[in-house]
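Here is a short note on the charged pairs and the nonpolar surface. Please read it beside the model.

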Amino acid sequence: MWISQKMGVLGQTGVQTQLGEVSNSTGGITVQAVGEYSNIPIASPWGITYLPPKGTKVLVLESSETILCTGAVMDTTGLAAGELKLTSVGGACIYLKNNGEVVINGQVFPKQTI
């Protein structure tokens with residue numbers, strides 16, 4: 001995987017990546033991968049905080065110093081390259097489209113020129 005390849009280039013050995021499934025997401029996450037990892041931290045871009053629900057496939061990075069959830073496997077069906085969609089398990093959705101439209105819970109806000 002690209003993360004382990006990048007770590008190898010940086011001279012950091014002993015880094016392993018695993019695909020696992022969230023088995024508990026109450027107050028932190030527990031991931032079942034090669035082993036079970038409890039209350040592991042989640043990495044994301046600055047300003048974005050999330051807690052993946054039970055059953056979500058996630059990527060776990062493990063080294064001698066840390067265990068870290070580095071992201072969730074997402075369904076990109078219907079998205080074009082360059083588009084962004086934020087969704088919640090309850091169905092709320094914000095969709096930033098390439099044509100400049102913003103769609104919030106189905107309501108379309110057209111691009112405005114300033």
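In which strand is Ile-104 found? Ile-104 sits in β8, residues 102-104; strands are DSSP runs of E, at least two residues, numbered from the N terminus.

1. Basis. This is a predicted model, where local features need pLDDT of at least 70, side-chain atom pairs count only at pLDDT 80 or more, and totals for chains, interfaces and linings use all residues. Residues are numbered from 1 along each chain as its sequence is written, and side-chain values use heavy atoms, with hydrogens and water left out.

2. Nonpolar patch. Leu-84, Leu-86, Ile-94, Leu-96, Ile-104 and Phe-109 make a nonpolar surface patch of about 480 Å². Patch residues have over 30% relative accessible area and no salt bridge; nonpolar side chains (Val, Leu, Ile, Met, Phe, Trp, Tyr) are joined within 5 Å. Areas are Shrake-Rupley values with a 1.4 Å probe, and for residues only the protein chains shown count as cover. β6 (84-87) and β7 (93-96) each supply at least two of the patch residues. Ile-104 is partly exposed at 36% (buried is under 20%, exposed over 50%, partly exposed in between).

3. Lys-57 and Glu-21 form one, at 2.9 Å, N to O. Lys-57 lies in β4 (57-62) and Glu-21 in β1 (16-24), so the pair ties together parts 36 residues apart in sequence. Lys-57 is partly exposed at 40%; Glu-21 is partly exposed at 32%.

4. Second pair. Lys-97 and Glu-101 meet in a salt bridge at 3.6 Å, N to O. Lys-97 is partly exposed at 27%, and Glu-101 is partly exposed at 22%.

How values were computed:
Patch = residues over 30% accessible without salt bridge, like charges linked within 9 Å, V, L, I, M, F, W, Y side chains within 5 Å. Salt bridge = Lys/Arg side-chain N within 4 Å of Asp/Glu carboxyl O. Helix = DSSP H or I, 4+ residues; strand = E, 2+ residues; numbered from the N terminus. Buried < 20%, exposed > 50% of the residue type's maximum accessible area, 1.4 Å probe, protein only.
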